[in-house]
Amino acid sequence: MTAHLNRCSIGNAIQAPLQVVIIGGGIGGLTLAQGLRKSGVSAAVYERDRTRTDRVQGYRVHINPTGSLALHECLPAPQFEVFTRTCGKPAEGIRFVTERMKVLLALDGRNAPPRFRGGGVAQHRSVSRITLRQVLLSGLEDSVYFGKTFVRYEESPLGRIVAHFQDGSMAEGDVLVAADGSGSRVRRQFLPHAERIDTGIAAIAGKVFLNDESRRLIAPELTNALTLASGRGGYNLFVALQDIDGVAINGIGGNDESVAVGNHFDNSRSYLMWAFGARREKLGLDGSDIERMSGEELRSTALRVMTQRSWDERFRALVRLADADTINAIAIRTSVPIAAWQTQRVTLLGDAIHAMTPYRGIGANIALKDAVRLCRALTIANRAERSVIDAIRGYEKDMIDYGFRAVQTSLHAMNQAVMEDRVRLMLSRAVLRIIDSVPPLKRQMFNRMGEE
């Protein structure tokens, strides 16, 4: 498949309309495509998955005020309304606890700034990744092409960018955007010196579907607030509720009929998700291909370690109750910051350039921030108010700054979470207890939660 335009382009003097080729149909790439279409810019997305439901890319995703504003700007009003109506019910607060479930700091509605309490566009939200993907694909049926594995790109004699795919097809445009995730093939060609490294940390995660029986077996305090547990020896656990009402709106928010029935793809039932992390060797997983281990193997691994380290039975119950089909493991990687590069008509967004650890929960929001800012830049170029190169350069200058800053703060948060030094852990816990006892400090901390 080749995208052609009935227009002329010579060097950087490109006449509207602009044609944008986006490699990758994840959160960032689809949001960019939505925004460009809304702004009257021609864009097409090329996704390697064969269908829109080939795989589930994680569980729930936290959308902070920055991400919410980006979605509001890029999505047509009806889609944004559906997005807001299909989000899960917000958590009542955030709790920091020890592995024995002793509360160090509890932040609830009394400490929360307005954006945590609902109302307005710029607020914190919780959404199923499956639902968010449904929202972002809505309306793009004629411009998202599946089964397109990117191989390489080249510049044509007229200065346009031609993307080549594994099936022998091509796509041509004025700008090529790498939105193909942390293993980006576009980045490998464009910025071969940009590294992504293994942090040595692994996480095992799973879902506990909520029904009368499981709710009876789960500690109530785990279902009414986000829980962050830090344990001695460098172990940590994250627990979050995704409360789903199961009602689809215009086909969005429920199960996709094209997907084979399976608990991993179930998007109609509320669930509690958990993620247990530590250094791979501490989980006994060094040398193992953890991403190929079965759910039962990973469950046994987590339970063995939690039992040995005397984690509270209420935490272990979550692991036992999780559906084996939903349990998986990831090796946590992070990008290495690089200096600015010479701007071309190939650019990047999201994990394709600044992949980060999940320990601050802001990766998706940074990708959304990239998408809306790149959309603005390309819209300006499409109107001939600025050259394409200048517009992209402006986007990249800011993106490199805030993107790699988020990478560093996320890495710092991870290192804090897997802290092994007993004295430092005691000091960290003491600080949390002090904050818990001083209401102004609690409000200040809550105000900073989830921001870049």
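This is a predicted model: local features need pLDDT of at least 70, side-chain atom pairs count only at pLDDT 80 or more; totals for chains, interfaces and linings use all residues.
The protein chain comprises 452 residues, of which 55% count as buried, and its secondary structure consists of 13 helices and 19 strands. Among the contacts with a separation of 6 or more, 76% are made by residues 24 or more positions apart in the protein chain.

A search of the whole structure returned 2 cavities of 30 Å³ or more, and the second largest cavity holds about 40 Å³ of space. The lining of this second largest cavity is formed by Arg-187, Ala-194, Glu-195, Arg-196, Ser-335, Val-336, Ile-338, Asp-351, Ile-353 and Phe-404; by class, these lining residues comprise 5 nonpolar, 1 polar and 4 charged.

Most residues other than glycine have a negative phi. Against this background, Met-101 has a positive phi, near 70 degrees, and is located in the loop between strand E6 (93–98) and strand E7 (103–108). Met-101 counts as buried because its relative accessible area, 6%, falls under the 20% cut-off. A positive phi, near 60 degrees, is also found for Ser-310, which lies in the loop joining helix H7 (295–308) and helix H8 (313–321). With a relative accessibility of 36%, which is between the limits of 20% and 50%, Ser-310 is therefore classed as partly exposed.

Methods. Residues are numbered from 1 along each chain as its sequence is written. Side-chain values use heavy atoms; hydrogens and water are left out. On a 1 Å grid over the protein atoms alone, a cavity is a set of points where a 1.4 Å probe fits but cannot get out, and a pocket is an open set with protein on both sides within 12 Å along at least five of seven lines; lining residues have an atom within 4 Å of a point. Grid points are joined across faces, edges and corners, and a volume is the space filled by probe spheres set on the points. Ala, Val, Leu, Ile, Met, Phe, Trp, Tyr, Cys and Pro count as nonpolar, Asp, Glu, Lys and Arg as charged, and the others, Gly among them, as polar. Helices (H or I, at least four residues) and strands (E, at least two) are DSSP runs, numbered from the N terminus. Buried means under 20% relative accessible area, exposed over 50%, partly exposed in between (1.4 Å probe, protein chains only). Contact means heavy atoms within 4.5 Å.
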